Structures are given as structure tokens and as C-alpha cells.
Amino acid sequence: METKQKSLLSEIELTADGSHTLFVPSMNEHYHSVNGAKTEAEHIYINYGFKESCASLVNVLEIGFGTGLNAFLTWLKHRNCKKNCLYKS
């Protein structure tokens with residue numbers, strides 16, 4: 001079952017992992033993988049970014065904020081972690 005919310009500029013679509021992504025019809029482009037927006041962000045930004053750092057203080061710089069999903073998931077992960085994080089946007 002496909003779920004979409006329509007607006008003038010973009011649509012919200014349900015992805016394969018149950019998370020949502022934005023679709024821009026005029027550009028025929030999705031903001032995240034249709035296989036899973038949350039899964040994509042966790043794979044790239046958490047598993048191969050945040051978790052790989054050996055530093056006790058991690059600086060996070062979010063450029064092109066977009067939907068904010070990557071920054072939000074990193075913040076959630078850091079709450080349950082011993083690393084100290086400094087966020088910049």
C-alpha cells in the first residue's frame with residue numbers, strides 16, 4: 001500500500017522501511033532512497049561516519065540541512081553514547 005501526501009512543491013512518500021521521504025515531481029527526484037530513508041541515513045551517517053570515529057569529542061557539521069534526518073539520527077545516537085558531540089549547522 002503506497003501512502004502519499006500531496007503539496008504544491010513536493011509529496012511525502014512512505015519508503016520500504018516504513019520511514020518517509022520527500023518526492024519532487026517537477027524534478028522526478030526523491031530526497032532519500034525509496035528502499036528506506038531511515039536505513040540509508042543510518043548506514044551512511046551512523047555506521048560509516050559517527051561510529052567509525054575514535055575521537056572522544058566529535059564535531060558534526062550539517063551542510064544543506066534538507067529534511068534534517070541525518071542530523072536528527074546522529075543526535076539520537078549520541079544521546080546513548082559516551083562520545084561528546086559539538087553540533088554546528
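Biologist: Where does Asn-28 lie?

Modeller: Asn-28 is in the loop between strand 3 (20-24) and strand 4 (29-30). Strands here are DSSP runs of E, at least two residues long, and helices are runs of H or I, at least four residues long, both numbered from the N terminus. The model is predicted, so local features need pLDDT of at least 70 and side-chain atom pairs count only at pLDDT 80 or more, while totals for chains, interfaces and linings use all residues. Residues are numbered from 1 along each chain as its sequence is written, and side-chain values use heavy atoms, with hydrogens and water left out.

Biologist: Why is Asn-28 called exposed?

Modeller: Its relative accessible area is 62%. Exposed means over 50%, buried under 20%, and partly exposed in between (1.4 Å probe, protein chains only). Asn-28 therefore counts as exposed.

Biologist: What is the phi of Asn-28?

Modeller: Phi of Asn-28 is near 50°. That is a positive value in a residue other than glycine. Most residues other than glycine have a negative phi.

Biologist: What makes His-32 buried?

Modeller: The relative accessible area of His-32 is 11%. That is under the 20% limit, so His-32 is buried. His-32 lies in the loop between strand 4 and helix 1.

Biologist: Which residues does His-32 touch, not counting residues up to four places away in sequence?

Modeller: His-32 touches His-20, Thr-21, Ala-37, Glu-40, Thr-67 and Leu-69. Contact means heavy atoms within 4.5 Å.

Biologist: How do you know that Ala-16 is exposed?

Modeller: Ala-16 has 63% relative accessibility. The cut-off is over 50%, so Ala-16 is exposed. Ala-16 sits in the loop between strand 2 (11-14) and strand 3. Ala-16 still touches Val-34, Asn-35 and Gly-36, not counting residues up to four places away in sequence. Ala-16 and Thr-39 are 23 residues apart in sequence, with 9.3 Å from C-alpha to C-alpha.

Biologist: Why is the pair Lys-38 and Glu-42 called a salt bridge?

Modeller: The closest N and O atoms of Lys-38 and Glu-42 are 3.0 Å apart. A salt bridge needs a side-chain nitrogen of Lys or Arg within 4 Å of a carboxyl oxygen of Asp or Glu. The pair therefore qualifies. The structure holds 1 salt bridge. Both residues lie in helix 1 (residues 37-50), 4 residues apart, about one turn of the helix.

Biologist: What makes Lys-38 and Glu-42 partly exposed?

Modeller: Lys-38 has a relative accessible area of 37%. Glu-42 has 29%.

Biologist: Why is helix 1 called oblique to helix 2?

Modeller: Helix 1 and helix 2 (residues 69-79) pack at an angle of about 55°, with their axes 9 Å apart. Angles under 35 degrees count as roughly parallel, over 145 as roughly antiparallel, 65 to 115 as roughly perpendicular and the rest as oblique. The angle falls in the rest, so helix 1 is oblique to helix 2.

Biologist: Which residues of helix 1 and helix 2 meet?

Modeller: From helix 1, those that meet helix 2 include Ala-41, Tyr-45, Ile-46 and Phe-50. On the helix 2 side, Leu-69, Leu-73 and His-78 are among them.

Biologist: How many helices and strands are in the chain?

Modeller: There are 2 helices and 6 strands. From the N terminus the order is β-β-β-β-α-β-α-β. Of the 89 residues in the chain, 29% are buried.

How values were computed:
Axes fitted to C-alpha atoms, helices over the stretch in contact; angles between N-to-C directions.
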